[in-house]
Amino acid sequence: MDFFKEFPDFLSKAEPMLTACFGADWEKRLEVKEVQTNFVHLMFLFNYYKRVYHTFFSTEDQSGTNHSGPIIGATKEENFPPHLQFGWMLFLSLRMRALSRFPDLVSCTNALLSVIISMIIHMPISLRKFLLDDATLFGIRSNEGG
């Protein structure tokens, strides 16, 4: 986040050198704005995913074992459960493979929701904070279709 906060100042100072190296359309060729927007979207989606994960899943199983460790590529000493890491990596893989041509925020949000739904279905019972028949979390449709 700090990098992108200082990014506009860096670009204004480095503009003459970037223009000399990459030409007048350096900003388009380097896709600077797209990278910055992509980063902001991914941070928003990760924060949402983390919040949903902690709503539905526990970091400790019934034996009391805490399943957390540093997230892959994290710079802070923040610990994340391996299932949270797996879900996020699954989303990033889906995003790279299926949405590589159109990685807009809406498509990415839908892909993230599909990963969350898959995790809800397949997560070990010992790590769930919910029951699948809980009507408060999962709306149950009536026979009338409502």
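How are H1 and H3 oriented to each other? Before selecting them, note that this is a predicted model, in which local features need pLDDT of at least 70 and side-chain atom pairs count only at pLDDT 80 or more, while totals for chains, interfaces and linings use all residues. Residues are numbered from 1 along each chain as its sequence is written, and side-chain values use heavy atoms, with hydrogens and water left out.

**The whole chain**

Start with a cartoon view, in which the protein shows five helices and two strands, arranged along the sequence as α-α-α-β-β-α-α; helices (H or I, at least four residues) and strands (E, at least two) are DSSP runs, numbered from the N terminus. Of the 146 residues, 27% count as buried, where buried means under 20% relative accessible area, exposed over 50% and partly exposed in between, with a 1.4 Å probe and protein chains only.

**H1 against H3**

Select residues 2–22 for H1 and residues 32–56 for H3: these helices pack at an angle of about 170 degrees, and their axes are 11 Å apart. The axes are lines fitted to C-alpha atoms, for helices over the stretch in contact, and angles run from 0 to 180 degrees between N-to-C directions. H1 and H3 are therefore roughly antiparallel to each other, a term used for angles over 145 degrees, with under 35 counted as roughly parallel, 65 to 115 as roughly perpendicular and the rest as oblique. Show side chains next, and the contact (heavy atoms within 4.5 Å) is made by Phe-4, Phe-7 and Leu-11 from H1 together with Val-32, Val-35, Gln-36 and Phe-39 from H3.

**H3 against H4**

By class, the contact of H3 with H4 has nine nonpolar, four polar and two charged residues; Ala, Val, Leu, Ile, Met, Phe, Trp, Tyr, Cys and Pro count as nonpolar, Asp, Glu, Lys and Arg as charged, and the others, Gly among them, as polar.

**The cores**

Now select Tyr-49, Tyr-53, Phe-57, Trp-88, Phe-91, Leu-112 and Met-119, which have the most contacts inside the largest nonpolar core, a set of 22 residues. Such a core is a set of buried Ala, Val, Leu, Ile, Met, Phe, Trp, Tyr and Cys residues joined through side-chain atoms within 4.5 Å. The elements giving two or more residues to this core are H3, H4 (82–98) and H5 (105–122), and H5 gives the most, with seven residues. A second, separate core of seven residues includes Phe-4, Phe-7, Leu-11 and Val-32.

Move to Cys-108 in helix H5, which is buried, with a relative accessible area of 3%. Leaving aside neighbours within four places in sequence, Cys-108 is in contact with Leu-45, Phe-91, Arg-95, Leu-99 and Pro-103; the C-alpha atoms of Cys-108 and Arg-95 are 6.7 Å apart in space, although the two are 13 residues apart in sequence.

Finish at Ser-58, in the loop between H3 and strand E1 (69–70). With residues up to four places away in sequence not counted, Ser-58 touches Tyr-53, Leu-127 and Lys-129, and its C-alpha atom is separated by 9.7 Å from that of Phe-130, 72 residues apart along the chain.
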